[in-house]
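Please walk me through this model, from its overall make-up to a few local details.

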Amino acid sequence: MSVFESLSDRMNHIFSKLRNKGKLTELEIKQAMREIRVALLEADVNFGVVKSFVASVSEKALGEDILKSLTPAQQIVKIVNDELVALMGSKHQKLAVSDRPPTVYMMCGLQGAGKTTMCGKLALYLRKQGKKVLLVAADVYRPAAIQQLAIVGKKVNTEVFEMGQSDPVMIAKEGVKHALKNGFDTVIIDTAGRLHIDENLMRELINVKAAVSPAEILLVVDSMTGQDAVTVADTFNRELDVTGVIMTKLDGDTRGGAALSIKAVTGKPIKFSGTGEKPEDLEPFHPDRMASRILGMGDVLTLIEKAEQAFSKEQAENLQKKLKANSFTLEDYLEQLDSVKKMGGIGDMMKMLPGMAGKVKSEDIDEGKLMRAKVIIQSMTPKERRNPEIIKGSRRKRIAQGSGTSIQEVNQLLKQFEMTREMMSRMQKGGMKGLRGMKGMKGLF
Ligand SMILES: Nc1nc2c(ncn2[C@@H]2O[C@H](COP(=O)(O)OP(=O)(O)O)[C@@H](O)[C@H]2O)c(=O)[nH]1
Ligand SMILES: [Mg+2]
């Protein structure tokens with residue numbers, strides 16, 4: 001399951017009912033608005049947010065031009081889309097950068113929200129943009145927390161500044177000094193959390209803030225905690241005047257209520273989301289792309305960005321040449337399967353394709369199948385991999401035996417390969433549009 005999956009399902013259902021009707025009466029539109037309201041509440045969106053959202057969509061949807069229009073359903077989808085985008089903050093908000101280096105980002109949030117993990121993700125993200133990043137360990141209450149940041153830093157090849165369990169305010173200051181002296185242009189400060197908001201914690205954070213004047217105070221909240229995350233965000237924001245929110249564990253949040261409520265409740269934008277435990281599992285938060293996902297229109301831009309990260313440039317160019325020459329082989333397919341794995345698995349990818357969000361369920365996607373596909377291809381001779389058409393009956397049997405699979409599975413893999421080849425050559429010619437109308441995408445993997 002991924003974030004917004006159930007909301008996306010509901011929305012799709014509501015809109016497909018509208019589409020089937022053609023012209024709409026006022027009553028039918030009102031009924032749809034009620035259904036949207038229920039869908040949002042079930043997605044755990046803040047009650048007040050739902051109320052004003054539905055009021056605003058209703059007002060526009062019940063306008064004269066929609067009632068008279070020949071394609072009212074489409075126009076209502078557009079209205080809902082625009083309102084969702086506005087609700088989540090309209091545009092992607094980039095991280096601020098200080099005029100005078102170093103730029104300091106201070107993380108805050110409750111214990112377990114994902115601050116330390118996010119420090120590593122941000123460090124990696126910023127390093128890829130050419131920044132020289134220093135991590136500072138200012139969560140001093142547990143020795144394990146400093147150790148954890150040290151491990152995170154090592155994973156992403158980033159220096160960690162620590163002074164053991166001394167005063168967090170002093171550590172933050174010394175960290176910034178260390179950055180200045182050693183040519184780091186960006187400092188990320190990891191701070192302590194508590195299980196609940198408490199006064200001492202807030203005071204400490206306020207002191208750290210005063211000591212280092214951060215360019216951003218980034219509040220990390222766990223999206224799986226739903227409306228609690230919204231309350232926490234509201235409180236932290238009142239005390240600390242944060243500059244942005246980072247929603248973690250979006251991969252485990254099927255409802256998305258917090259992501260949809262936080263901007264409206266706190267007035268502060270979501271800047272990033274965390275989508276897994278690995279350092280690469282970070283996505284800049286784009287309200288328009290999120291709205292697209294909710295409405296089942298896919299998020300091709302994020303997909304392309306992920307692909308760019310996973311495939312090297314040469315790999316992509318090579319692939320293009322092969323597709324043009326029609327010489328895409330099972331060897332290339334094997335390479336592709338590996339890249340797909342790097343991109344975070346097939347399930348997440350497929351859901352970003354237009355029209356697939358409501359159709360592909362996580363349960364449908366069997367990552368084990370991906371592994372078996374690899375084993376099957378590895379059991380073929382190089383000649384077979386390059387000329388899949390020679391793989392007939394006896395060869396199929398040998399391959400099945402060699403890979404510990406069945407002939408059916410070998411057949412299936414060859415069929416998938418053919419389909420992938422077709423899909424890619426269609427994309428090559430007509431972009432994503434070329435995929436429309438292509439049958440059997442669902443069974444692809
Ligand atoms: N699935 C998932 N787990 C995450 C994500 N971010 C953090 N975690 C996990 O959440 C737990 C707490 O994270 P940590 O960074 O130690 O939280 P902190 O107490 O705020 O520093 C760890 O087990 C992380 O691996 C995320 O985006 N997705
Ligand atoms: Mg931590």
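This is a predicted model: local features need pLDDT of at least 70, side-chain atom pairs count only at pLDDT 80 or more; totals for chains, interfaces and linings use all residues.

Residues are numbered from 1 along each chain as its sequence is written, and chains are lettered from A and ligands numbered from 1 in the order in which they are written.

The protein has 20 helices and eight strands (DSSP runs numbered from the N terminus: helices are H or I of at least four residues, strands E of at least two). Of its 445 residues, 41% are buried (20 or more other C-beta atoms within 10 Å of the residue's own, with C-beta atoms placed from the backbone). Of the contacts between residues at least 6 apart in sequence, 74% join residues at least 24 apart; a contact requires C-beta atoms, placed from the backbone, within 7 Å.

Ligand 1 is surrounded by 19 residues, the closest being Gly-114, Lys-115, Thr-116, Thr-117 and Gly-274 (C-beta atom, placed from the backbone, within 6 Å). Helix 6 (residues 115-128) supplies the largest share of this shell, three residues.

Helix 12 (residues 287-294) is largely enclosed by the rest of the structure, because seven of its eight residues are buried. Among them are Pro-287, Met-290 and Ile-294. Gly-296, which follows helix 12, has a positive phi near 70 degrees.

Ala-32 is part of helix 2 (residues 26-42). Ala-32 counts as buried because it has 23 C-beta neighbours inside 10 Å. Leaving out residues up to four places away in sequence, Ala-32 touches Ile-14, Leu-18 and Ile-76.

Conventions: A residue is buried if 20 or more other C-beta atoms lie within 10 Å of its own, exposed if 12 or fewer, and partly exposed in between; C-beta atoms are placed from the backbone. Two residues are in contact if their C-beta atoms, placed from the backbone, lie within 7 Å.
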